[in-house]
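Work through the exercises below with the sequence and structure in view. Try each task before reading its solution.

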Amino acid sequence: MSFETLVPFLDYTSVLIFALTGALVASRAQLDLVGFIFFATLTGIGGGTLRDLALGRAPVFWIGRPELLLLTTVAAIVVFFTAHLLESRYRAILWLDAFALAVAVPAGVGIALEAGVSPVVTVLMGVMTGTFGGLMRDVVGNEVPLVLKQGELYVTAAFGGAVAALLLMALGSGRGWALIGCAAAVLLLRAGGIGLGWRLPVYKARPPRN
């Protein structure tokens, strides 16, 4: 798959998976179908919308591709009728969110590369695309945001994956392979945090020194 076709594929996939997580949060809040569609759409397009606004892309990606709104709606409807089959919806949210992060970050990096921005902004766009949809979902859903949970490898995973893409390109890798490496790095770090308990050290208060 070429870079030109990989980036839109990652964008579509991240919207779909994030939409599923948004709908699952709606199920935990016991909302109606409209609530499911709202959460699915907010989560699916939130990060990409902020990315496009920051990059000055016009129109914003889902306005140019309105079928993405249909995709989030279908995801919401599917979850509305099937969420009760899951043994642990929170666990499903964690893992779906990990996969969504692993495709959204390289999507953001790829779009930033197409825009020709600096490496620092490229990394920031990858992190923004991967994290802001889930952040909006959790804040609106009155959940503790995953990005802010103590020691969680979340923003770190997004940052690490975006940097990995740039390092791979600096070593001579093509853009397409660099995005695949980015996805693998994000998923490895996030899965390690969920499944193996990898954590960052957290600040611990100490008595003031005289």
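**Exercise 1. Which residues lie nearest the centre of the largest cavity?**

Step 1. Ser 14, Gly 44, Gly 47, Gly 48 and Thr 129 lie nearest the centre, among 13 lining residues. On a 1 Å grid over the protein atoms alone, a cavity is a set of points where a 1.4 Å probe fits but cannot get out, and lining residues have an atom within 4 Å of a point.

Step 2. The model is predicted: local features need pLDDT of at least 70, side-chain atom pairs count only at pLDDT 80 or more, and totals for chains, interfaces and linings use all residues. Residues are numbered from 1 along each chain as its sequence is written, and side-chain values use heavy atoms, without hydrogens and water.

Step 3. Trace the lining. Helix 1 (3–28), helix 2 and helix 6 each supply at least two residues. Helix 2 gives the largest share, five residues. Helices here are DSSP runs (H or I, at least four residues), numbered from the N terminus.

Step 4. Sort the lining by class: four nonpolar, seven polar and two charged residues. Ala, Val, Leu, Ile, Met, Phe, Trp, Tyr, Cys and Pro count as nonpolar, Asp, Glu, Lys and Arg as charged, and the others, Gly among them, as polar.

**Exercise 2. Describe how helix 2 packs with helix 6.**

Step 1. Take the geometry. Helix 2 (residues 33–55) and helix 6 (residues 119–140) pack at about 150°, with axes 8 Å apart. Axes are lines fitted to C-alpha atoms over the stretch in contact, and angles run from 0 to 180 degrees between N-to-C directions.

Step 2. Name the arrangement. The two helices are therefore roughly antiparallel (over 145 degrees; under 35 is roughly parallel, 65 to 115 roughly perpendicular, the rest oblique).

Step 3. List the contact (heavy atoms within 4.5 Å). Among its residues are Phe 38, Leu 42 and Gly 46 of helix 2 and Met 125, Phe 132 and Gly 133 of helix 6. The contact of helix 2 with helix 6 divides into twelve nonpolar, seven polar and two charged residues.

**Exercise 3. At what angle do helix 1 and helix 2 cross?**

Step 1. The axes of helix 1 and helix 2 cross at roughly 140° and come within 7 Å.

Step 2. That makes helix 1 oblique to helix 2.

**Exercise 4. Where is the cis peptide bond?**

Step 1. The bond from Ala 58 to Pro 59 is cis, with omega near -5°.

Step 2. Pro 59 sits in the loop between helix 2 and helix 3 (61–64).

Terms used. 1 Å grid on protein atoms, 1.4 Å probe; cavity = no way out; pocket = protein on both sides within 12 Å on 5 of 7 lines; lining within 4 Å.
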